Amino acid sequence: MAQRSNNNDNKNNRKKVITINLSWVFYLLLIGGLAYAMFSHGSSSNPEKVEWQDVTEMAGRGDIESITFVRNDFKGEIKIKADRLSRYKDLYPGGVVPKRSPQLYFLVSGKFDPEMQFETLNSSLPEDAKVKVIMVNRENIWSDLLQWVLPLLILVLFWAWMFRGMNRNVPGGGGIGNPFNAGKSTGKLADKNEVKVTFKDVAGLYGAKDEVMEIVDFLKNPGKYTALGGKIPKGALLVGPPGTGKTLLAKAVAGEANVPFFSISGSDFVEMFVGVGASRVRDLFRQAKEKAPCIVFIDEIDAVGRARAKNGGFTSNDERENTLNQLLTEMDGFGTNSGVIVLAATNRSDILDGALMRAGRFDRQIHVELPELKEREEIFQVHVKGLRLSEDFDIKFMAKHTPGFSGADIANVCNEAALTAARNNRPAVTQQDFLDAVDRIVGGLERKESTIMTPAEKKNTAYHEAGHALVGWLLPYADPVFKVSIIPRGNALGLTWYVPEERKNWTRSNMMDRMCALLGGRVAEELTSGEPSTGALNDLERLTGMAYAMVQYYGMSDKVGALSFYDSSGARGYNLTKPYSEKTAELMDAEVKKLVDNIHERTKKIIEGHRDAFEQLGALLLEKEVIFAEDLERILGPKVKPDGEATDE
């Protein structure tokens, strides 16, 4: 055992030794070159410059011992006699004359004849003052070479710096900043031993999971399908809201399939340099074809697959469109693409290009929707495995009270519940911790102590929320009320929690009742304080959106008729003109105003008809600050159900 441990240590040491960042080598060379270029022209003695006339005067005084004249630099270096140095201390900062020669230098032009000038100079001097003259040709190879290499080195380093973030995920890319790999694919080949996610880890998603499992079965047992003349699908597109598990399904495919699995993000194809995106698409599919059969997963494909503009105006992006064209060609073009299945995910399928969505490229569209009640139970079971739960925890209860939550939301609820229990020093996570976590995620952090509310504001908030609760409880198609609170959370001074009915299709009666419940708070303010407040901003925003949707999209207006101006493709957003006339716009505005007025009158009659119960709810809220469905049932009776439905659950 000891020998094995030593071997492992040696391997780890070897791994640490070979880790070298070559980028620092380039930067050190650049700094060294700049330093050399700045200081190479001066010697360690720091000579000062003088003119030729000064040289003749110094020689006449007998101060110069020797002059070394560099022919190819037209430069003369002067050595002063040791006993005469003090005469020239004024030329130097601080008055310190360097003892190492040369102490002074002079520069001349190309017309300067050194033999004649120095001969004339010495002929006019006495014998003991004659100057020793040395003629040399000094060749500085490194300085000349650096003058050529340094600019080129700076350009190369600048180029590498521009490309430094483009190849971090390139297999064999050579490290950060390698500009020669800019066109290579950044797709990662999944390691079978590292991917631990399987289909057993994917809770819910029944229909979507079955279709993805069938694709894996295609690859494992192709003969089962080809024997009957069938062909393996070329691509499948996962479509659904954020957080529903599209990427998790792809990870499960990577863990289950016994074939190579390439994963890449759509944004990795798009770069600021022309041609890089298309080059990366070609390289990705080249690698995939070499390892066929295999799967290529493109996450957030809308980054590169957005519908191409019909004109070359401000809405077009030539580089992204060229990348998309290359992707279309690779998926289904003249070239063979046998054995490569493309799996992609997006939450914006409405903006994808039509050519990308056709059969032969993405043969299947797999819809990954928000989980229903039973699916939420399974997702809770997955995420509570690592939690220490109390005996009162009920998964079915939590699944029922989290409608509209995605898988990512439920995971966040479980984590937040554990943090809440730890914050309160509980030995286990209780049901209340989960409810508090849901409240915090939906409404925001509770601000009971830090928020200052005047008694008038608190009363107004209480009756506002009482109006929501009363109207929602008495209307048959309004969502059942679960809890009402006047404790501030986030930006809201009070909140009414509903348990929305999970349905795909809404009738006009459904929408009218929901809109009345939204307007209940504003009407309650008008009846109690005599004037509205700003607290109904969010309610009015949602009410207006629903009213316009009924008239403009769903054809629920008698005067406008069965017309819909909904744009499912998203292409109309760039148009500057509306698909209807100004007269139709005025008619729709009038219908929306009429609809909202009718809802206001209906809501007002409901509250006035139950004024005593409304006053009781407001007073109870002021007393307790938080009330539940049991309190509402005690005051108002059982929740009103639509005709034909039982009142007891």
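Let's start with strand β12, residues 481-485, which pairs with β13 in the antiparallel sense over 4 bridges. Within that pairing, K483 sits opposite W497 of β13. Keep in mind as you look around that this is a predicted model.

Now step back to the sheet itself. It is open and has 3 strands, ordered β13-β12-β14, with antiparallel pairing. The edges are taken by β13 (495-498) and β14 (626-628), each of which pairs on one side only. On average, neighbouring strands here are turned by 15 degrees against each other, direction ignored.

Two helices join the sheet. Helix α21, residues 611-624, lies across β12 and β14 and runs at about 125 degrees to β14. Helix α22, residues 629-636, packs on the sheet too, touching β12 and β14, and its direction makes about 70 degrees with that of β14.

Next, have a look at a helix-helix contact. Helix α15 (residues 407-423) and helix α16 (residues 431-443) have axes that come within 8 Å and cross at roughly 120 degrees. That angle is why α15 counts as oblique to α16. As for handedness, the crossing of α15 and α16 is right-handed.

Who makes the contact? On the α15 side it's D409, N412, V413, C414, E416, A417, T420, A421 and R423; α16 brings D433, F434, D436, A437, V438, R440 and I441.

Terms used. Residues numbered from 1 in each chain as written. Predicted model: local features only at pLDDT ≥ 70, side-chain atom pairs only at ≥ 80, totals over all residues. Heavy atoms only, no water. Axes fitted to C-alpha atoms, helices over the stretch in contact; angles between N-to-C directions. Parallel < 35°, antiparallel > 145°, perpendicular 65-115°, else oblique. Left-handed = near helix turned anticlockwise from the far one by under 90°. Contact = heavy atoms within 4.5 Å. Pairing = 2+ DSSP bridges.
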